[in-house]
Every structure is written in C-alpha cells, then in structure tokens.
Amino acid sequence: MNSYFLLNQFHRMEDIEQYKLQIAELKKQLETIQAEQTEPIAIIGMAMRLPGKIKNEKDFWNVLVNGIDCIEEIPANRWDKDALYDADPNALGKLYIREGGFIEDIEYLDGSFFNISPIELESTDPQQRILLEVTHEAFENAGVDVNALIGSDTGVFIGIDNVDYESKQLRSKDYKLINGYCYTSTGPTGASGRISYTMGLRGPCMTVDTACSSALTCTHIAAQALRNKECKIAVVGGASIITEPDQSLSFCRLGAQSPEARCKSFDDDANGYIRSEGVCVMIIKRLSDAQKDDDKILAIIKGSAINQDGKSKRFTAPSTVAQGLMHTAALKNAQLQPTEIDYIETHGTGTKVGDPAEVRGILFAYEKYRTKEKPIVISSNKSNLGHMECNSGMASIFKVILALQNNTIPKVVHLKKPNTLIDWQNIPIVLAKENISWKKDDEKTRYAGVSGFGATGSNAHIIIGDVPENPFQLNKQKLRNDIFVLPISAKSEQALIDLAKVYADFIQHSTYNVEDICAMASLRRAHFTMREVFIANTKEELIEKLNDFAESNNYETGFIFEKPTDIKTVFIFPGQGSQWIEMGKSLYENEIVFRAALDECNSVFKKYVDYDLIEEINKPIETNRLTEIDVVQPILIAIEIALANLWMSKGVFPDMVIGHSMGEIAAAYVAGNITLDDAAKIITTRSKLMKQLSGKGEMGATDLTVDEANELLKGYEDKLSIAVMNSKNSTVIAGEPNALNEVFATLESQERFNRKVKVDVASHSPQMDGIKQDLFDALKSIQPTNSSIQFYSTCLNKILNGEELNADYWTENLRNPVQFGNAVNAILQDAEIAFIEMSPHPILIHAINENINEIGARAVAIPSFQRDKNELYEFYKNIGALYNTGYHFDWKTIYPNIDKFIQLPNYAWQKERYWFDEKPDFTVVSNVQQNTSKDISKIYLQ
C-alpha cells in the first residue's frame, strides 16, 4: 500500500471526525431551539374581580371548596329588572331572567392614580377601568415593580367581546353625546392598549375576541410570544362587564339562558347558562426567567392549543371532533401523554346537548389511554359563578391553580342527577360530585387541562401543572432583624394613610417574620411619590407606629424632588462642635461598614497620635479627652469618614463634597483627592499646632451679615476677623478674648444676637498666622490627586481640582474664613440638591436650610444622626427622610434579597364615581368607606 493512499485515507478519517463534530453541534443547537420552543411558562401573579364579592384567591377558594352559589338579582345600577321581566320565554323585548353574576363598584376608579381625566373616564368602559386596577394588583401579587417595567418589552393580551358601554354611548343617536374619547375608551382595542399606554409597556399588545374562549386564546398567544422572546413578561387577562340588557335579550331569544338562572353543569336538568361578569389578570414569564428572578411561581403552563370547529351542524353548534383534535394537539404541544392528565376544568356551560358534546371531545383524545380505575376528573366553576363569557377561561385557570395549591378538586354545584345522555358508568371520566382529594405524589407531576369554546367555533385548551424544583442555586443573605425598615408609598396622601392602616392589620395577624415583610415591601413593590418609612426595633413597635400614622390622619406632603434622576448629592463635612460621649458606638456595634472604616482610621491615625480612637470614644466622661483639641478633631474626622462610608454602602454617593474648616480634610479624602494617611497627617498636625494656642482665643456666633460684621470689626483688624460665613445672617467672629468681649458688648447694647462658641482656640483668625509655616513644612510631602467627585472649597469659594489641595492649600484652610454660605448658595444654582451632613450631630443643617429658604431653592438637608439618641434608629430614620423626598434609593443595600415571598396588601384605591349618563357626582370610595361627594370639575379645568 503506497504512502499516497494511506495519506488520503488519513484525511478522509479527519473529515469524518470533523463532520461528526459538526453534526453534534447542529444537534445541540436544534435541541436548544426545541427546548426554548417548548419551555414551560410560569404563572407568577394573579388578581381578580368575580361574582360573589370575590376579590382575591382566598375569597375564590372559599366559594369553590364550599360550593357557594354566587348568582344574585340584577343590581339596580344595570337596568330595571322588573320592568324587563316576563316569565314567558317568547315575550318579545323581555327577559325571562332576573338574576346573574355581578361584581361591585363598576362605576368607580382611582382615576388620579392612572392619570386619567374625569371627562375621559366618563366615556371609559368599566372593563377598561377595572382591568387597569386588576392588572396593577396582579403585578403587586407577582412582586413586580410596575415602575421598573416602563419602556420594557412586556406584552399585553386581553380577551374582550362585550361592547355594552360603547353601545350605551352611540345607540341613542344623540350625536351631541359623542366625544373624542368614544373610540379609544369603549372599543375593545382600547382595553389592551390602555394598559400598555398607562404602564409604559412596549411589548406585543392586542385585544382578542374569540367569544367564550378569548382568555384562553390570549394565554396561548402570550405563551408563544414568551417562547419566541418577543417579550419577557406578559399580562394576560379577560374582562366581561354587563351594563346593558341587549345581549341578554339576544341570548333569551336564542333560548340559551337558563330560566332558573343557574349553570347546572353536567346535570340532567341542564337547560342553559346564566350570564355573569368578571375581570381576571395573570402575569406570566418563561419558567427559567421566573426561577432566576426568584419569583413565587403559582403553577406552570405546560402546553396549549387552539383550533376552530370549521363546518359543523350549525354556526353555534360545538364540534366533538374539533374539540378532540384540540385536546390531542395540546398534549403534543405539552409533550405529555394522555395518562398524565388528572383533571380537566371544562367549559361546562350547562346545556343538555353542549355538555355531552364536550365529554365526547375529551373521550376522543383520552378514551383509549384511560380506564375506570384511572379516570379523568372533570368539574366546572360556571356552576358557582355563572358564565363570564370571554373571561370564563381565565377564572378556570385560576381555579386549577388553587386546586393544585390546596390539593383538592372542587365539586360541581347544582348537581342533582348527572346528564343521562352521558354513559358515566362506562367511560373513564369522573364528575366531581363532591370535593376530590388531589394530593401531590413526589414521583408524579400533576397536570390539568382547561377548556374554552367560543360561540362561533373557536376552541382553546391550556394544560396547567405543578411547580417544578428550581435548578438555579440562589445565594441569599440572611436579612437583618436588629432594626426593621418598612417603606410604603402611594400616589395620594389619603391612600398612604389607608395603606398604613392596612399594613398594621396585616402585620398584626401575620405569622411571617417582620424582616421578610420589610424586604418584600422594599424590593418587590413600586415606590410612588407619597412615601413614608417606618423604623422600629420590634414587631409591636412597628404596628404601633403604623397605627399612629394612620389614626393621626393628618399626613402632609413634605418636600419632593421634581426630577429624582437629576438630583445632585452633596456630602457636607462640618468642623468641630458635634462631638459627644460614645458617639458612633451603636453604629460601630451594628454596622459592619462603619466599623471597618473606623477601624481603618484608627489603625492609620495611630502612626501620628498616642491614643486609640475607639477607646477614647467609649471612655466615660470622667476620663474622656474629647475636650482636648488634638484628640477631638482627629476623632471627628474619623467619624465623618466612617459615616460617609456608611452612606455610600447604602447606595448614596456624593457628586460633590463640601468641608467646613477641618471638615475639608474628610471631604478631600472621601472625594479621593488625598490618601487616608495624608488625611491623618493633616488633621493630627493641624490640631497639635492649634493646641499650642489653646486658651488664647475665642469664637462667637452672631446674626450679622458679612457687611455688618466688617463694619463692626473696623479697628480690630489685628485682633479679630470673620471666621465663618454660614448664611446671610449667620457670621462667626474669632480672635482675642478681650476684643471679642468688647464687640459682643456692642451687639448686646444693640439687642443683636451673640453667643460664645465652646472653644478656646480662634480658628481662621490672625492668631493662626503664627503656626502656618510649621503646618506647611509638615505637609510638604503630601501628593493630592484629581478625582471624579467635585471638591467645593469653602476656603477659596470655588471648585478645585484635587491636585490643588497641597500643603499651601491646607495652610490657607486654617487661616482663611470659611465661606460655607457662599459655597451652599453657589451649589443651589443647580436644579435640585440633596445635602447630607456627615456628623454625629447636625451643626450645619440649620445654616443650609437658611440658604435654601433665602433663595427658594429646590433642595433638602439631611443629618446622619443626633446627640444622645439611638444612632441606629436615627440613621435609618434619616435614610427614610431622604427616601421620602423622592430620592432614588437602592433598597438592596438594606435588604439584599427576599428570603420568603410574601403577598403583601394591595394598593389602597381612592375611588370616585364616573358614569356616562349620570350628572357628575364623584363619590369618594376609599378603604375607610368614606361617603363624601366632591365636584372635581374645577380641579380638572385647572
């Protein structure tokens, strides 16, 4: 065999191996695509308004498990039930029913929350109104911050087929009643579009009308959109509100309505259905996304299918074959076998012919694979609620979710004798005559199907299943419980007050850990304009504070930033005067960042001092050296640095720093202009030199303007000088004690404010000239640098580059007057400012506020904590005060994650009445059940 042949064979083998690798890679890519196209969809939130005053899943389950009938007389706010009633089913223009399934308060909405004007709301279909409210609650229940969704690809898929309110406005033929809102506010397309518009969602958006299968069809389409990555989150819902008798009259003429006004699903006396109304919304995601996001998954959508009857016996007659094919297609889509489905929540309208047809459709797909020993259970919530038409399928999905969670398949009510047209004895189907246990087997995942059939032949089926284990390892930090920080927010003052009361009741009766509740409120709820933070050390204290706030009923909105994204944050570092015994001790013990920063300062400062900073802070008053300038000043600088680190650990970072006298040293370090060793060298050298002058000088505060002070000090130029200018009428004078006494005697005679400051060194006066050279010589080695954080010099009254903060600068800092007021006023020329004082006691907040008020600036001044008060409590109270201004605060810095998912109370709606054909009379309906009326037309016009 020649070498050429061997070489050729070798290359062939190489090619084969390469082809194998390519095939393996293509197979892997195909598997990935197939996995994405069949990935289960997670249901992470749901909210509802259903007949029987059902407003949440607890209410719904109570109705289902106890077999409660939710049908009632037609409310007076719909139409005159007696005037339209006639027991004769053939009476033209009459209804042979006086009952139905209805929900409350369809005329009401918190219009200001959704920023809709009263005149537009009058024209807006109640289906659109309630969908907005229920969608918001669904997001809340899912733990999704609606503000974070603005601009996202979130999709909206809503099922609606009822146009009662549109007809109400247009059918009168009084063209004067038609306004510019009629189309968008009443047409079905407005239902989905209004949700996307109001919440700022940019994903797929559509209203679907396939009659009674609309909600399930929406679910199928939304699941596809998620799998195709057209959106990451989807809103899926249905709404049906009956405001006019027209459609009911039509169904009476058709003979579709039950004369007894009950859906007797699968009963031998079934003789039609009863119309009812409801609004349901669920929030769904791809399963992998929900697991990674640590969402609470209620159930999964494993698969789905939709089809059409096509040519059947008549337009509205169901097709057994089409229904059977739909079941088969849904199983294939879910990649499940017929043996894996335990239960089907049927359409089950309660008609003599329709119910058997539905059972035959189930048998079409399942009969060959099931036995009497392993049958499928069927049920129908229409027997409880009536037929909600396009919303019925969504209520059915919710029922299945609750059945999974409660391990029980609820019974069918109004069932006396099962339909005799169905051979129950010989088919593998069991009717839920009573509640049936449906416990989870660890070895088997439970699945249930949900069917919906449109009156014109559009069919839909969704397969719902148990929540699988989360394969993603989520590293969670333990939540702090040494202090509780609970933020609540709303869009109106009254809503905030009402919400506080609701939270107090919720926490009072909750078995959850308080820190879990606080973490949920912090991380999984939207933060609105009106805000309040409640700080407490115990559960009882938190409840008391919430109740006190609610019962006071006098909350007044404080300062709120107009543009939170444009706020400039300024850290303020004061000079001497804020010290107190054991300052910082509690923060040192409870805040790891504060402790680490103070420990680092202590370690570095020991190079220049003969004492331990931490020990000096904690010494009792008898042995404490905080009265000594060379001890107190370095300690204060260390405290200020530690406080700045603590604020930054909470996500509050400075755009600019301002120092006051010695505070400029801490400011320069925090800004990144000097090293910690440089800061230690500057403050320790400065304070030791100043100690040489102890007892030779004094300082005093006045209410003089700078011009008045300069006039008063004429003749004293070599003994006194202006040391500090804090604000227009806050000037500090420093110098020789006798000279200061003479000047203050003059002020006393003029009845002008004057007060000595408790120091025995006259900083920023001629007395400092004698130590300037020594300070300069000691600091020649420092090498300052530039940084991205602005440094505003109160020594030179301008912004400096970091490299300018050399030895020359620090000698000027000791001698020049502190132009703090000028610095603050210059900064206040920017749009909106948040000043935060890094100090163990606020000594500059008053001066800052004077400057703010003087020019009417949009700014706020926040301290860190106060003398002789609980430091930990005060610090978090001040964080709360900053948050209350609308400042964007990262709550993960306090609660890095949630430990347990908790469904918190929903928003406290402040509803008002809006109705098309009524004289405007907007009645407030809030959580506190107020019954006052107000004319808001003037407010709207303004």
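Mentor: Happy to! Let's start with valine 743, which touches Leu712, Leu713, Tyr716, Leu720 and Ile733, leaving aside residues up to four places away in sequence; contact here means heavy atoms within 4.5 Å. This is a predicted model, in which local features need pLDDT of at least 70 and side-chain atom pairs count only at pLDDT 80 or more, while totals for chains, interfaces and linings use all residues. Residues are numbered from 1 along each chain as its sequence is written, and side-chain values use heavy atoms, with hydrogens and water left out.

Valine 743 sits in helix H25 (residues 737–749); helices (H or I, at least four residues) and strands (E, at least two) are DSSP runs, numbered from the N terminus. Valine 743 counts as buried because its relative accessibility is 1%, the cut-off being under 20% relative accessible area with a 1.4 Å probe and protein chains only. Phenylalanine 653 is 90 residues from valine 743 along the chain, and their C-alpha atoms are separated by 43 Å.

Now for the helix packing. H19 (residues 592–605) and H23 (residues 676–691) pack at an angle of about 60°, and their axes are 9 Å apart; the axes are lines fitted to C-alpha atoms over the stretch in contact, with angles from 0 to 180 degrees between N-to-C directions. From H19, the contact uses Glu600, Cys601, Val604 and Phe605, and from H23 it uses Leu676, Asp677, Ala680 and Ile683. By class, these are six nonpolar, no polar and two charged residues (Ala, Val, Leu, Ile, Met, Phe, Trp, Tyr, Cys and Pro count as nonpolar; Asp, Glu, Lys and Arg as charged; the others, Gly among them, as polar).

The structure holds six cavities of 30 Å³ or more; a cavity is a set of points on a 1 Å grid where a 1.4 Å probe fits but cannot get out, and lining residues have an atom within 4 Å of a point. The largest cavity has a volume of about 150 Å³, the space filled by probe spheres set on the points. Its lining has 17 residues, with Glu140, Ser489, Arg525, Ala526 and Phe528 nearest the centre. Strand E17 gives the most to this lining, three residues. The lining of the largest cavity divides into eleven nonpolar, three polar and three charged residues.

The second largest cavity holds about 110 Å³ of space. Among its 13 lining residues, Arg49, Lys55, Ile103, Glu104 and Asp105 lie nearest the centre. This lining has six nonpolar, no polar and seven charged residues, and strand E4 (108–109) and H4 each supply at least two.

Conventions: Buried means under 20% relative accessible area, exposed over 50%, partly exposed in between (1.4 Å probe, protein chains only). On a 1 Å grid over the protein atoms alone, a cavity is a set of points where a 1.4 Å probe fits but cannot get out, and a pocket is an open set with protein on both sides within 12 Å along at least five of seven lines; lining residues have an atom within 4 Å of a point.
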